[in-house]
Amino acid sequence: MRAPLLLLATLPLGGTIGCTMDFELNEWHEGPNDIQNGLDTPPPDVDTDFIPAPDTGPVVPPPECRDRSFEGGTILKLDECDEGGTVIGTFTPEVLWSQQAFTNLPGSASVMMQPVVCSLTDDDGDGDQDADDTPDIVFVTYSPGVLRAVSGDDGHELWGVPGVGTLQITGGAACGDIDGDGSVEILAATAGGVEAFDRNGTSLWSTTACSDFIDGISDAPGIADMNHDGRAEVIVGSCILDADGNVLGQGEHGWGSSLNVGSSGFAVDLDLDGELEVVTGNAAYSIDGTTLWFNGERDGYVGIGNFDEDAFGEIAVTGNAVLRVQDDDGTVLCTAAIPSASSSYGGPPTVADFDADGEAEIGVAANSTYVVFERDCTVLWQVTDTTDPSSGNTGASVFDFEGDGVADVVYADERWVWVFDGRDGSVKMQDDNHTNNTWFEYPTIADVNADGSADIVVANTPGRWGSLQGITVFSDDDRSWQPGRRIWNQHAYSITNVDDDGGIPIFQDPNWLTYNNFRSGDLTPGVSRAWPDLYVQIEDVCTDACAWGNVTVWFTVGNQGYANVTSDVLVDVWGEAEAGMVYLGGMTWTADMPAGISSSSESLELTGVPTQLTGIVVTIDGGDATSFGVVDECYEGNNVDEWNESVCP
């Protein structure tokens with residue numbers, strides 16, 4: 001991605017830099033515009049004239065500047081780089097409400113599917129249903145299968161309908177404005193495909209044309225505007241429908257299902273070509289069902305994240321007791337056995353920066369374990385005392401409840417609702433206000449009562465461990481959990497696949513480029529509450545060799561923030577000339593700058609320096625708050641220093 005940049009940095013001594021630069025993300029170069037256009041030559045307006053050595057007589061080498069040494073050490077940290085500690089919330093979960101009985105079709109009350117959250121009612125009286133209204137929760141109960149909606153504030157019943165088709169009782173639902181009319185529709189899986197309902201529970205259409213391209217028992221629909229026309233497509237398994245239920249395409253290989261149960265269809269732009277692909281465990285399809293690639297591997301449940309150094313999306317595939325990470329073209333990058341998983345087990349993957357190390361990891365549940373894998377398929381941590389022998393395919397979700405930059409895991413097995421610390425799997429919550437026979441559902445995280453604090457929604461069925469049914473909502477007793485979105489619209493949920501008001505983006509942003517998570521509600525995942533702050537300081541300038549166009553600059557670099565810098569950054573040197581700023585040279589500063597430390601001095605010998613400079617400016621990591629620097633700092637205005645003396649007069 002290429003973008004013009006006007007560098008306007010306020011200098012410590014009152015000067016400014018004004019220079020237009022182009023640069024390209026994720027490529028480092030030595031040149032002037034690095035920041036970053038891939039050029040190794042100065043910009044066209046750079047004046048490279050210099051005074052050459054005399055061309056008569058013997059060649060006289062330029063004089064060498066005497067070496068200077070400036071020691072680094074401990075420096076004071078800026079208070080504004082510390083936001084008052086790492087934990088800004090508490091973790092005191094409680095049951096907010098539990099809805100276990102229904103007046104409409106009361107014999108159907110058990111839930112074994114993942115609830116979805118969206119706004120169906122005009123609670124604020126402004127004539128629409130959007131993010132300003134109290135969210136509502138949609139789910140299927142059994143038996144028979146009944147699609148229900150309840151209000152998120154207290155669980156009171158809105159409606160319940162059996163549908164025209166036979167609703168899957170262990171399948172899934174999705175909500176979103178598929179026809180562009182400003183009101184969400186609801187999609188529920190049926191034995192042969194999917195049925196669409198309006199926000200009041202009225203059936204709009206139903207199709208059985210997908211029966212050969214879905215699991216048929218446990219399918220969770222997905223919604224995406226694949227052809228960018230303002231009317232979304234509906235994906236169930238590998239069957240692609242338009243907003244009216246007509247078949248557009250049917251993929252011939254996988255449909256996003258393990259050997260056990262379920263499928264969860266969705267579409268993303270893996271290769272960043274502007275077109276969405278339906279992604280399954282072993283294939284990708286275009287909107288008409290054409291196979292874009294098929295890698296010959298077993299199908300499986302799918303999650304998307306960025307697990308390597310390029311900008312494309314990678315695919316985490318789980319099920320069949322194996323985790324597999326694949327590149328955007330299906331190439332297998334790594335595999336690992338899922339600990340303690342039976343032959344067909346391993347639930348839908350969750351992607352998040354669990355341990356706040358700046359890289360996404362992959363979480364997966366099985367029979368009696370929850371495991372987090374690094375992106376190279378090695379195990380980061382695992383918990384071995386969960387209880388899910390009946391299906392072993394249950395999913396999970398993640399959320400940074402306290403705002404400490406750690407993505408905590410929310411997992412509901414047959415007996416307990418668990419919350420695990422994302423760093424090491426330590427137990428933060430183990431609550432028995434829950435029972436379920438489990439399938440491939442998982443808890444939903446959203447601000448369902450619109451109080452500014454996220455909530456956890458879990459499904460219940462009577463079973464070995466108790467008699468609960470319906471759904472239960474947990475919240476924080478102190479209402480200090482981080483704000484969550486008021487929507488979680490499908491099983492294959494990522495933040496950018498749906499707008500806050502339930503609209504479906506005409507052009508869906510790749511979630512991994514902004515949030516790099518999947519089945520996660522974290523709007524700011526992995527953000528530390530402490531920040532680094534780089535600065536650069538010119539220590540000395542030697543102009544003894546100006547006649548040869550050579551100047552040496554000594555500088556030191558410091559980090560006066562509260563977080564370490566681990567990314568390589570650019571240091572660039574500019575000259576102030578009558579015609580404007582002239583780029584003189586630069587270097588890459590190798591990462592390793594602890595908080596509160598200043599480096600020993602570094603020198604740069606510059607060649608081809610023009611005459612009659614009125615000063616020298618050194619910048620680090622871009623140089624001002626408008627630059628695309630690598631390091632996200634608490635204060636960007638001190639990334640520049642000026643030597644305010646004449647150079648090579």
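**Exercise 1.** Are phenylalanine 102 and phenylalanine 139 buried or exposed? Determine also how the two rings are placed relative to each other.

*Solution.* The model is a predicted one, and the structure holds 17 aromatic pairs. One of these is formed by phenylalanine 102 and phenylalanine 139, whose ring centres lie 6.0 Å apart with 50° between the planes, a geometry that counts as tilted. The pair links distant parts of the chain, since phenylalanine 102 belongs to the loop between strand E4 (93–99) and strand E5 (116–118), while phenylalanine 139 belongs to strand E6 (residues 136–141), 37 residues apart. As to accessibility, phenylalanine 102 is buried, and phenylalanine 139 is buried too.

**Exercise 2.** Classify the aromatic pair of tryptophan 488 and tyrosine 493, and explain why each residue counts as buried.

*Solution.* The ring centres of tryptophan 488 and tyrosine 493 are 4.2 Å apart. The angle between their planes is 25°, and because planes under 30 degrees apart count as stacked, the pair is stacked. For the second part, the cut-off for a buried residue is a relative accessible area under 20%. Tryptophan 488 counts as buried because its relative accessibility is 0%, and tyrosine 493 counts as buried because its relative accessibility is 0%.

**Exercise 3.** Describe the surroundings of strand E29 (residues 370–373), taking its two faces and then its strand partners.

*Solution.* Begin with the general rule that in a regular strand the side chains alternate between the two faces of the sheet. In E29, Tyr370 and Val372 lie on one side and Val371 and Phe373 on the other, and all of them are buried, which leaves both faces covered. Tyr370 also belongs to a cluster, linked by ring pairs, with Trp381, Tyr411, Trp416, Trp418 and Phe420.

Turning to the partners, strand E28 (residues 361–365) pairs with E29 in the antiparallel sense over four bridges, with glycine 363 facing valine 372 as its bridge partner, and a hairpin of four residues joins E28 to E29. Strand E30 (residues 379–383) is likewise antiparallel to E29 and joined to it by four bridges, with phenylalanine 373 opposite valine 379. Between E29 and E30 the hairpin has five residues, and cysteine 377 in this turn has a positive phi of about 75°.

**Exercise 4.** Which residues make the nonpolar surface patch of about 230 Å², and why does leucine 272 count as partly exposed?

*Solution.* The patch is made by Leu272, Phe312 and Leu513. Leucine 272 is placed in the loop between strand E19 (267–268) and strand E20 (277–279). Leucine 272 counts as partly exposed because its relative accessible area is 31%.

Methods: Residues numbered from 1 in each chain as written. Predicted model: local features only at pLDDT ≥ 70, side-chain atom pairs only at ≥ 80, totals over all residues. Heavy atoms only, no water. Patch = residues over 30% accessible without salt bridge, like charges linked within 9 Å, V, L, I, M, F, W, Y side chains within 5 Å. Areas by Shrake-Rupley, 256 points an atom, 1.4 Å probe, with all protein chains shown as cover. Salt bridge = Lys/Arg side-chain N within 4 Å of Asp/Glu carboxyl O. Buried < 20%, exposed > 50% of the residue type's maximum accessible area, 1.4 Å probe, protein only. Phe/Tyr/Trp six-rings, centres within 6.5 Å; stacked < 30°, edge-to-face > 60°. Pairing = 2+ DSSP bridges.
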